[in-house]
Amino acid sequence: MSAMIELDIEKRLGEFHLAARLAAPESGITALFGRSGAGKTSIVNALAGLLKPDRGRIAVGGETLFDSERGIDLPPERRHLGYIFQEHRLFPHYSVKGNLLYGGKGGNGISLDTVVTLLGLEHLLSRRVAELSGGEKQRVAIGRALLASPRLLLMDEPLAALDAARKAEILPFIARLRDELRLPIVYVSHAMEDVVQLADTLALVDDGRIAAIGPVEELTSRIDLRPLTGRFEAGSVLRTVLRGQDATYGLSELAFPGGRLRVPHVDLPLGTVLRLRIHARDVVLANAPVSGLSIRNAFAGKVVEISPDRGPLVDLRIDIGTPAEPVMLWARITRRALHELKLQPGSPVHALVKTVALNRSSPVRREAETEAS
Amino acid sequence: MLTPLESEALLLSLRVGLVSVVFSLPLGLAVAWLLARREFPGKILLNGLVHLPLVLPPVVVGFTLLVLFGRNGAGGAWLYQVFGITFAFNWKGAALASAVMAFPLMVRAMRLSLENVDRRLEAAARTLGANHLKVFATITLPLMSPGILTGAILAFARSVGEFGATITFVSNIPGETRTLPLALYALTQVPGGDQAAWRLTIISVLLAMAALIASELVARRLDRRIRGAG
């Protein structure tokens, strides 16, 4: 993994102590996920040069931006990192076009025209900032950052201030930055749904530290990280490929190593890679094959791990993949069911999936070149 | 419509007011910046010094200026030798006295508006590649423009009305240092000057009102602009 972002910094902010160490890959979206107050924004601010670490080192794309030992501290304006803030931070005394062009006219295949088309800003150019809706403002802010020709985009909860409808309006644009402009992005969020939809790499931030970093599918399936990935929202992330369409019933078949999931029709070309999120509470377990149920998505697997919870509910990690390519599924059942079914690590089990979270308005990944079969 | 004496005093007042405001603007901006944005030892002292003319009797300010910038004063002698400038008993001295007296008002207004500038916008501008200077010129200055305007108008009005420090520093010389208030004062000292004094009073009031109304109108416009609504 060639590291695009190398960061190893310490900073004391009153009672809070930030000691973050991070090496994020060259491409795709790296999500910084954690509770509010965990230090996500501080890390991004340090990257941008808006927060000076007490000591440490920051490098992006091989260039050292900060090094306390060598006395290097590039000012923000010379770091060439685009920053999209939680609040749009548009300049109220400039028009939309004035804002867009504030940092430059683009370069590297990005021009005012491409940005305007990509973000759908055609009819907004001569408007004043106060006349824009929240979603429009955030789109202009993204365009403004892009036109300054950044080598990396920093996004600090760009959707947090928006309602669900506006959020659904922005998400596809962020996905297009990833897929069409191939711009590496560091994306701060405390919403696992957004992370799963957008990110390739997940960095879990906890109490000023990077607790873990790795592929989204891997980190979300680890029991020890569950307190950080979120218990309530617990679920697994599956990487699937669209393999077939069933016209008779209006279903699509999504293949993963070891099985196929049938979901309501997905209008995408065959071969498209789709990342699904299956909530632990939507998985039902049985110790024998079941018939006479309406649930059609059933997979044979075995129990890998059982969470050490003491409460009435426990989470089980079930492998429904192949010996070569395990596929992990989370299931949440009652402790009583666990005892009555006599489940323990290694037990064969049948997992029934009630629903699959596949938001139709959300962006889906297309990466035919890394397609799994 | 105006008598020669009146128009002479009015024009002199306008000139003194304009010159004192134009020359104190950059310094006022710098001091407002220091007070609003910087922490340094002696900040309280600087703050006190700037505000001193607001609370001191004007005659004290005038006398101090006389001692410092009179022909034999340390500053006055130096300025005369190096630049050939003298403030003694001429309209430039009146402008200096007005500028010092009006300075606290100007700084206060500018400092207040600077403190209201959203620093997050400045940070955003820097991530877009703007250095300190560009940020100041394109973000900070436009966003604090209503405060600069208010400060300038207040200082202008204060300058036009300056009396005590001026008369102490540069005396009351017709055509040179006899501004509106000084002319008015002179008229009240001679028998039968009441009617002329009234006319000057009305001119003063009209001038002050015009300045305040103009400032209000321009400030509204600027405010709409920087809110992005106009």
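Domain bounds, as used here, come from an automatic or database domain assignment. In chain A, that assignment gives domain 1 (3-223) and domain 2 (236-370), and the centres of these two domains of chain A, taken over C-alpha atoms, are separated by 32 Å. This is a predicted model, in which local features need pLDDT of at least 70 and side-chain atom pairs count only at pLDDT 80 or more, while totals for chains, interfaces and linings use all residues. Residues are numbered from 1 along each chain as its sequence is written, with chains lettered from A and ligands numbered from 1 in the order in which they are written.

The model scores ipTM 0.83 and pTM 0.81. For chain B the average pLDDT (the predictor's confidence in each residue, from 0 to 100) is 92, and 99% of the residues score at least 70.

Where the domains of chain A meet, 12 residues from domain 1 and 13 residues from domain 2 take part in the contact, two residues being in contact if their C-beta atoms, placed from the backbone, lie within 7 Å. On the side of domain 1 of chain A that touches domain 2 of chain A, the elements giving two or more residues are α5, α6 (192-198) and α7 (216-220) of chain A; here helices (H or I, at least four residues) and strands (E, at least two) are DSSP runs, numbered from the N terminus. Among these elements, α5(A) gives the most, with five residues.

The largest nonpolar core has 162 residues, and those with the most contacts inside it are L154(A) and V186(A). Such a core is a set of buried Ala, Val, Leu, Ile, Met, Phe, Trp, Tyr and Cys residues joined through C-beta atoms within 7 Å, where a residue is buried if 20 or more other C-beta atoms lie within 10 Å of its own, exposed if 12 or fewer, and partly exposed in between, with C-beta atoms placed from the backbone. Helix α5 (residues 91-115) of chain B gives the most to this core, with 16 residues. Because domain 1 (3-223) and domain 2 (236-370) of chain A both give residues to this core, it lies between them. Leaving aside neighbours within four places in sequence, the contacts of L154(A) include V44(A), L47(A), Y83(A), I84(A) and V186(A).

Helix α4 (residues 134-147) of chain A has 14 residues and reaches 20 Å from its first C-alpha to its last, close to the 20 Å expected at 1.5 Å a residue, the expected span being 1.5 Å times one less than the number of residues. Since 12 of the 14 residues of α4(A) are buried, this helix is largely enclosed by the rest of the structure. What covers its buried residues includes β7 (81-84), α2 (96-100), α3 (112-119), β8 (152-156) and α5 (164-179) of chain A. Just after α4(A), S149(A) takes a positive phi of about 55°.

By contrast, D224(A), in the loop between α7 and α8 (226-229) of chain A, is exposed, with 11 other C-beta atoms within 10 Å.

Chain B has 11 helices and zero strands, and its C-alpha atoms fill a box of roughly 70 × 45 × 30 Å, taken along the principal axes. Buried residues make up 40% of the 230 residues in chain B. Among contacts in chain B between residues at least 6 apart in sequence, 74% join residues at least 24 apart.
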